[in-house]
Amino acid sequence: MVIVLMGVSGSGKTTVGKQLAADLGWQFVEGDDYHPPENVAKMAGGTPLTDADRRPWLKALRQRIDAACAADENIVVACSALKHEYRDYLERDDPACVRYVYLRGSEDLFRARLEARKGHFMGANMLRSQLEAMEPPVGEVTVDAAPPPARIAADIRAKLGA
């Protein structure tokens, strides 16, 4: 199974994802690691990515997800997966293998987290563009992003029966 923790920057995808993966004994995959250097530079410079910019990133992530599904490998992936079309693309080859968990919260919460974060290319100035692009999932697991990571991970496990 592949669990994709999705949401805007600052929602806790990485922190919760690492906690969830540790709790389950699964591997954690950081979606940001799959961005080409041009994307990282663009975001670090405060420029939002376009759909065209995201294509190579999504392709690389889909290859990783497909490999996990083909090998019956259980992984937790942190990936914004902002739009329905991105999620459809990521799960295209094996939709039954992929489960999305949406980390939902307020803009104020996410902004505060981003402003406190050090050493990451995605700054608080990019949050608005992600919120505008975000298409909340329908029929997927949704959790509150505000509680502590261990509690969010426990909520996810309970909702997924994992």
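**Exercises: cysteines, core and ring contacts**

C69 is buried, and C97 is buried too (buried: under 20% relative accessible area, 1.4 Å probe, protein chains only). The model is predicted; local features need pLDDT of at least 70, side-chain atom pairs count only at pLDDT 80 or more, and totals for chains, interfaces and linings use all residues. Residues are numbered from 1 along each chain as its sequence is written, and side-chain values use heavy atoms, without hydrogens and water.

**Exercise 1.** Find which cysteines form a disulfide, and state what the link ties together.

*Solution.* Apply the cut-off: two cysteine sulfur atoms within 2.5 Å. The count is 1 disulfide. C69 and C97 are joined, S to S 2.1 Å. Next, the handedness: the angle about the S-S bond is -100°, a left-handed link. Now place the ends. C69 sits in helix α3 (residues 51–70) and C97 in the loop between α4 (84–90) and β4 (98–104), so the bond ties parts 28 residues apart in sequence. Finally, C79 is in no disulfide; its nearest cysteine sulfur, that of C69, is 14 Å away. C79 counts as buried, at 1% relative accessibility.

**Exercise 2.** List the contacts of I156, leaving aside neighbours within four places in sequence.

*Solution.* Contact means heavy atoms within 4.5 Å. The partners of I156 are L5, V16, L20, V101 and V143.

**Exercise 3.** Identify the residue over the face of Y89.

*Solution.* The test wants NZ of Lys or CZ of Arg within 6 Å of the ring centre and within 35 degrees of the ring normal. R62 lies over the Y89 face, 4.4 Å from the ring centre.

Notes
Helices (H or I, at least four residues) and strands (E, at least two) are DSSP runs, numbered from the N terminus. Buried means under 20% relative accessible area, exposed over 50%, partly exposed in between (1.4 Å probe, protein chains only).
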